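Biologist: Before we discuss any classification, would you please display the model and its sequence?

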Amino acid sequence: MRECPACTFKNDDDASTCDVCDEPLEAAAPAAAAPVNAVKAWHQEGLRLIARETDDRMRTLLRSNLAALVEALPPDEAPPVATP
């Protein structure tokens with residue numbers, strides 16, 4: 001896991017930016033055997049799940065309302081919309 005220097009979120013080892021705040025991550029340090037703090041690990045996983053759930057909800061909301069938003073625009077301002 002790679003810790004973000006800005007928000008301390010634990011990102012996957014292959015991440016180049018933080019999943020929470022998009023801060024660039026430093027090069028991975030050699031793995032050292034450190035004691036596991038169960039509370040901190042639980043908190044970090046909770047933050048990751050909340051971020052993913054929020055993203056999913058926003059995508060669903062945008063998709064469900066996109067057609068209504070485009071219809072509300074004047075015809076000359078409406079962008080082309082691809083239907084899934």
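Modeller: Here is the predicted model. Let us start with Glu53, which has a relative accessible area of 41% and is partly exposed.

Biologist: Why is Glu53 called partly exposed?

Modeller: Buried means under 20% and exposed means over 50%, with partly exposed in between. The value for Glu53 is 41%, so Glu53 falls in the intermediate class.

Biologist: What makes the contact of Glu53 with Arg57 a salt bridge?

Modeller: The rule asks for a side-chain nitrogen of Lys or Arg within 4 Å of a carboxyl oxygen of Asp or Glu. The closest N and O atoms of Glu53 and Arg57 are 2.5 Å apart, and therefore the pair qualifies. Both residues lie in helix α1, four residues apart, which is about one turn of the helix.

Biologist: Why is Arg57 called exposed?

Modeller: The cut-off for exposed is over 50%. Arg57 has 57% relative accessibility, so Arg57 counts as exposed.

Biologist: What makes Lys40 and Glu3 a salt bridge?

Modeller: The N to O distance between the side chains of Lys40 and Glu3 is 3.9 Å. The limit is within 4 Å, so this pair is counted. The pair links distant parts of the chain, with Lys40 in helix α1 and Glu3 in strand β1 (residues 2-3), 37 residues apart.

Biologist: Which residues are joined with Glu3 into one network?

Modeller: Lys10 and Lys40 are joined with Glu3 through salt bridges that share partners. The side chains of Glu3 and Lys10 meet at 2.5 Å, N to O. By the same rule, the count comes to five salt bridges.

Biologist: How do you know that Glu3, Lys10 and Lys40 are partly exposed?

Modeller: Their relative accessible areas are 38% for Glu3, 25% for Lys10 and 37% for Lys40.

Biologist: Why is Leu62 called exposed?

Modeller: Leu62 has a relative accessible area of 53%, and exposed means over 50%, so Leu62 is exposed. Leu62 lies in helix α1 (residues 38-72). Together with Met58 and Leu61, Leu62 makes a nonpolar surface patch of about 300 Å².

Biologist: Where in the chain is confidence lowest, and where is it highest?

Modeller: Confidence is lowest in α1, at a mean of 79, and highest in strand β2 (residues 10-11), at 90. The chain averages a pLDDT of 78, and 80% of the residues score at least 70. Where pLDDT is low, the predicted coordinates should not be read in detail.

Key: Residues are numbered from 1 along each chain as its sequence is written. Side-chain values use heavy atoms; hydrogens and water are left out. Patches are made of residues with over 30% relative accessible area and no salt bridge: like charges are joined within 9 Å, nonpolar side chains (Val, Leu, Ile, Met, Phe, Trp, Tyr) within 5 Å. Accessible areas come from the Shrake-Rupley method with a 1.4 Å probe; for residues, only the protein chains shown count as cover. Helices (H or I, at least four residues) and strands (E, at least two) are DSSP runs, numbered from the N terminus. Buried means under 20% relative accessible area, exposed over 50%, partly exposed in between (1.4 Å probe, protein chains only). pLDDT is the predictor's confidence in each residue, from 0 to 100.
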